[in-house]
Amino acid sequence: MEILVKIENLRKTFGPIVAVDGVSFTVGKGEVLGFLGPNGAGKSTTMKMITGFLTPTSGAVHICGHNIDVQPIDAKKRIGYLPEGAPAYQDMTPASFLTFIGEMRGYRGATLKRTVSETVEKVNLQSVLNQSIETLSKGFKRRVGLAQAILHDPEILILDEPTDGLDPNQKHEVRTLIRAMAKEKAIILSTHILEEVHALCTRAMIIAKGKVVFDGTPAELEGKSPTHHTVLGTIAGVDPMVLHHHLMTVKGVKKIEELGRDGDLVQLRIYPDDGEWILPDIGHCAREQGWEVRELYPDRGQLDEVFRLLTTPKQTIS
Amino acid sequence: MGRIRVIFQRELAGYFATPIAAVFIVIFLLLSGAFTFYLGNYFARGQADLVPFFDFHPWLYLVLIPALAMRLWAEERRSGTIELLLTLPVTMWEAVAGKFLAAWCFTGIALALTFPMWLTVNLLGDPDNGVILASYLGSLLMAGGFLAIGSCISALTKNQVIAFVISVVISLGFILSGFPLVLELFSGWAPQFLLSAISSFSFLTHFQSISKGVLDLRDILFFLSLIAFWLFATATVIDIKKAES
């Protein structure tokens, strides 16, 4: 995999406050790195340093081999950046704004026109091309922001909360767009929405208090959840004591938690021993006993639970 | 240079896309006309020159230029577009110069639209057009000085009202720096060389010597180096302040 972004021991302090504290990682072509973390964890500050807006207190950012502090122009040419909130010059129209960005990126004449109209098509801006940006809806404004970021077909895309504040349809559109570009680029995006990590990312990174506390695949992240691979079941007409007795004999079952009762329905969560996959055996047991099973399904784990575990100071996780 | 031109064009078009251009130009023309004819007694003087017209320019600029300059960087910071602009492949000085030149060019357009004054004086009499041309040049240079100050102050704050007020005060200091109001602040304690240095910063003195028709290189250099200094300060301030969102 071709390494496009290389971050070395990045640190940023604002007076006594340490915003980013020794972050290192690399991102290769085809990777979509999801940046997660609470507000104020240092996600945006890290992105601002990668894009060359802020100068790191120490450490280095290499963009396709160019150090962004030493060769800022060469590095910035290779980055498309959507800052938080998708800022744009409000009194311009998308057409004039994208033309401006294109000119700043060095396009002129026919190439400029073609590049702008191709980008407009990609993000579906045709219908509002000549309205001033301030009159556009949030979804369109976001698309204008995305358009300026991808206009020069950059090798690296940095997107700060690309779907924040969008309705579900708009989120879907933006995700589709990002997914379509993923193979050709290295993409770093920050988000608060944990499902987005599943929907988009090949890799997830959690930042808390300026430090990387997790770096792995979305599946590995789920694996950190205490409810990962537990089995949820709803069974009718059986005494809970009997259920408990039989289920505990199933191989790999560690403990059983009763979640609630509704008439003669009993809801259970069954925890496996570490790494065990207990669903088939539980199904087998239920059939053997002739229980009336209403629901039986595995829980992949709650990402927000993992998120809380990793980013709240009191907890530690092995 | 290409990128300065692109920023310059966008900014200049921006003035005309909003009511700013119309309001500024109309007010500038109205006030400069009113001052010339009423306060300056243009007709009663019975002289074919534009002295009463140019005499009021420092005072007009004192109010109007900070109003024009206050949004230069404050607006970029408030709306977050500064992050967009400075992460494009552009250097800081290109961005600072492009925005400044657009504002300067815009004041140049406003100034050029006072040409009916020049036509009038040529119809009524036989003025020294060399002096008038020099005065126009001096006025433009002075406007650039005020703008560069305003640019720097605008970079200091997100709040445009604060930017405006501080710019007016600093500009007033530069207009009056040869006058007792400013000099007496320093005369008690500052050494003589500092006093004469301060008084040599007076916009009025330099502008008046240019508008007498004497194009002294020193006066031109004064304004150009002042502009360069304040633009350098602008870039420095942006660099320091950009971390604050």
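Helices are DSSP runs of H or I with at least four residues, numbered from the N terminus. The model is predicted.

**Exercise 1.** Find what follows helix α1 of chain A, then decide how enclosed α1(A) is.

Step 1. Go just past α1(A): A:Gly52 has a positive phi of about 85°.

Step 2. Now take residues 43-50, which make up the helix. A residue is buried if 20 or more other C-beta atoms lie within 10 Å of its own.

Step 3. Apply this cut-off. Among the buried residues of α1(A) are A:Lys43, A:Met47 and A:Ile50.

Step 4. Conclude. Eight of the eight residues are buried, so α1(A) is largely enclosed by the rest of the structure.

**Exercise 2.** Work out the strand order of the open six-stranded sheet in chain A, and what packs on it.

Step 1. The order reads β6-β7-β8-β3-β9-β10, with mixed pairing.

Step 2. Look at the edges. β6 (79-82) and β10 (211-216) of chain A each have a single partner strand, so one side of each lacks a neighbour in the sheet.

Step 3. Check one pair. β3 (32-36) and β8 (186-190) of chain A run parallel, joined over four bridges. Here A:Phe35 stands opposite A:Ser190.

**Exercise 3.** Describe the side of chain B that touches chain A.

Step 1. Count: 18 residues of chain B contact 20 residues of chain A.

Step 2. Locate: α1(B) gives the most to this side of chain B, with five residues.

Step 3. Classify: this side has eight nonpolar, six polar and four charged residues.

Technical notes: Residues numbered from 1 in each chain as written. Chains lettered and ligands numbered in written order. Predicted model: local features only at pLDDT ≥ 70, side-chain atom pairs only at ≥ 80, totals over all residues. Buried ≥ 20, exposed ≤ 12 C-beta atoms within 10 Å, placed from the backbone. Helix = DSSP H or I, 4+ residues; strand = E, 2+ residues; numbered from the N terminus. Contact = placed C-beta atoms within 7 Å. Nonpolar A, V, L, I, M, F, W, Y, C, P; charged D, E, K, R; others polar. Pairing = 2+ DSSP bridges. Axes fitted to C-alpha atoms, helices over the stretch in contact; angles between N-to-C directions.
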